Every structure is written in structure tokens, then in C-alpha cells.
Amino acid sequence: MTNHKSDLLRVLDDRGYIHQMTDAEGLDALAAKQVVPGYIGFDATAPSLHVGSLVQIMMLRRLQQTGHKPIVLMGGATTRIGDPTGRDESRKMLSDETIAANIASIFSIFQQFLTFGDGPTDAVMVNNQDWLGKLGYIELLQEVGTHFTINRMMTFDSVKLRLEREQPMTFLEFNYMILQGYDFRHLSRDMGARLQMGGSDQWGNIVNGMELGRRMDGADLFGLTTPLLTTAAGAKMGKTAAGAVWLNPAQLSHFEYWQFWRNCDDRDVGRFLKLFTDLPLEEIARLEALGGAEINEAKKMLANETTALCRGADAAKVAAETAAQTFEKGQIGGDLPQVAAPAGGINIVDALRELGFAASNKEARRKLDEGAVKVDGVVIRNPQYRILGADDPVPLSLGAKKHGLVTR
């Protein structure tokens, strides 16, 4: 256990959230004596965030749990530009209507994890379009642009790596770090934000914002980043062969979300329990120590807890019951993902893709060729096979862990 004075840093440290801090002692002292408003920025490029954003969401939850104020910053303006960090190509432009709809959809996710309201530690969601959209270009250049040098901007990985790969970077994207820095300055001045948090790839952007606030307003600001999260197998968190693990049920069923956590690597169980659940550390230590087949109980606990947080206790219960029926009792669970077959039936390749069991037709055909696909318990290898809808749903399985239903 750590020796931090504040509950905030003690919890973050003990649960494995901290990678870098700009001034650990200063932030610890501040958090021990007063409410610290802190924020994390999120893009609005899709109607849902995915599991790759869950560490950041949980960081805001920990901030609130330890008596501080979470600010969810939605990038209504910066989504129009696109953060070049870790990207090799420019992001396609989205309409104002699409961005607004995405933000409204994403808000429903945060309502599961945070308590919103007007109190001193209640969470708030803000949109940087509200201030960045009002900035005149000349005003921005005069007021903010003078605090950024091209020399330094060229040293940031988001710029340097793109140029080294000879991938074009637009001038619009090049301005992203200036606007993100201005966000910190604005939230500091208008909402009292003292802390910006983010992934380790955001370190340069966070430091930029801190320095801008100091130069323009003399503000004493702090930055904290989380480690780059990969699975024990080295995969990027939040992605699977079939696509992203979405947090919104409209993009991914409760059962599939539950199954993602249930199927995690044995080596990841303890770390994921610390990061993604509210279970006490003592209980996590007990679960982490389980060996052999008993580790599956820890995985079920992980799946139950994470699903209850994101989707609600009822969703977790139904997903767990569906899994028990499907995998342990040999029955058809009612909450399995479904695809509807038209009158003439549905091609098995299309069914695998639409259920999310394969990311492409090519992958679906490969799985068929491997003998990994079963329809109602019978191995099917023919990619032209059609599944006809019936009064009772027809089970479609890929391997031992992916199960779905074909309905009328």
C-alpha cells in the first residue's frame, strides 16, 4: 500500500492507474485539503465509447468516489479536427448533427458510472464546441498561438512519427494540440479545473495545457496519465477479432459484453478487477490467488461486476444466466445475440459476420474451412449454406465460446 496523504492518489496508485504525474506531492497535498475538479477529454466520433476508454471513465469514477469533481469533456469541436496521436491518416469529417447525436448517446454511458448534478462533487459534462466554436481565428493566433513554438510541436510523437512514416498531416490536425491546450486553460479559468488526466499517449498534450494555463493565467495545474493498457497476450484493450467491444448496448449486447470479460486471459484477472470493478482490494487478492479451474470463478465475478457497472445489475444477472444455460447446462440461453433470417434463409457467412463472430467474409470462410462453425450442433464447412428461420431459434456457434441464434 502507498503512503499518499490523499484518498485520491492512494486509490489510484493501489489500483494501478498511475503512469506519470507532473507534481505528485503538489497534487497529493491539494487533494488532501480540498475538492479537486479534474477532467478527461473524449472524442465523439461514434455513438458509443468502447472498452479502450474504460480506464479513463473509471478514473473519473475514482475521482468522484474519493470526494472530488469529475468533468467529462466532450470534444464537439476537436472531433471535427481529429487527434493525430497514434494515427497514420486524417479522420473523416462528421456533420454537426452526427456529433451532437453521438454526444447524447455517449452521455448515457457516463450516467452508469458517475453521479451528475449541481453539487460540489457532482459530475458535469461539457462540450468544447461551446468555447472553441466562438474563437475567431485571428484571436486564437494572437492570444494562444504565441505560446506554442513550431520547434517544440515538431518533437511530439503525434507529429514526428507521422512525418517519419511519410504520412501527410494537415494543418488542421497540426492545430489540435493548441486547441486541446486551450481546453485546459478554459476549464481552469471558468470551472476551477486543476487536474487533467488521460492515457500515456496524451502526456505531451496535457503538459502543453498546463504550461498554457501557467503562462496566460499564472494557474497551478496538474497532469496525470495512465499506463498504456494491453492484455497479457499483448493485444490492445478494447479490440477483438470481431471488432470493438462497445459500452453501449445498442452496439453490443449485454451477453457479448459479459462474455468479453469472462473470456479474459487468466493473467489479466487481478489487474482488471482492480481497474474495472469496485471490489475491495482484499477480495481481489483472494480471487487473484485462485488457481486451476477455480480461476473461472474469478472471471465470472469480473464479468458480473463489470457488466453491472456498465449495463446495470439486471443485465449482468441475465447475461450470467444465459452463459450458465449455454455453456454449463447445454440449453439455449435467451440473451444470446440474434440475427433474423429472411424468408429464403440467411447465408452462413453473412450470419457469422452480422452476429459479430467474424470481422469479414474472408474470416468467416476461414472459420468454416477450419470446422469451427456449428449450426444446431452440426459442423458446417460449406460457405454457401443457408440457415432457414424456424419457429424455434436455430443455434449458431463459433468454437466453444461464441454462440448466437438465427430467428425468423
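## Before we start

Because the model is predicted, local features need pLDDT of at least 70 and side-chain atom pairs count only at pLDDT 80 or more, while totals for chains, interfaces and linings use all residues. Residues are numbered from 1 along each chain as its sequence is written, and side-chain values use heavy atoms, with hydrogens and water left out.

Six of them make an open sheet with mixed pairing, in the order 1-6-5-2-3-4. Strand 1 (20–21) and strand 4 (124–127) are at the edges with a single partner strand each, so one side of each has no neighbour in the sheet. Here, strands (E, at least two residues) and helices (H or I, at least four residues) are DSSP runs numbered from the N terminus, and two strands pair if DSSP finds at least two bridges between them.

Strand 2 (residues 37–42) and strand 3 (residues 69–74) are joined by six bridges in the parallel sense. F42 has M74 in strand 3 as its bridge partner. Helix 10 (residues 176–191) packs on the sheet, where it touches strand 2, strand 3, strand 4, strand 5 and strand 6. Its direction makes about 150 degrees with that of strand 2 (axes are lines fitted to C-alpha atoms, for helices over the stretch in contact, and angles between N-to-C directions run from 0 to 180 degrees).

## The nonpolar cores

A nonpolar core is a set of buried Ala, Val, Leu, Ile, Met, Phe, Trp, Tyr and Cys residues joined through side-chain atoms within 4.5 Å. The largest has 64 residues, and W261 and F276 touch the most other members. Helix 3 (residues 54–65) gives the most to this core, namely seven residues. A second, separate core of 23 residues includes I71, L132, V144 and M210.

## Two helices side by side

Helix 13 (residues 269–276) and helix 15 (residues 295–311) have axes that come within 10 Å and cross at roughly 20 degrees. The two are therefore roughly parallel (angles under 35 degrees count as such). Residues in contact (heavy atoms within 4.5 Å) include F272 and F276 of helix 13 and L302 and T306 of helix 15.

## A buried glutamine

Q64 sits in helix 3. Is Q64 buried or exposed? With 15% relative accessibility, Q64 counts as buried (under 20% relative accessible area, using a 1.4 Å probe and protein chains only). Leaving out residues up to four places away in sequence, Q64 touches P70, L114, T115, T121, D122 and A123.

Key
Buried < 20%, exposed > 50% of the residue type's maximum accessible area, 1.4 Å probe, protein only. Parallel < 35°, antiparallel > 145°, perpendicular 65-115°, else oblique.
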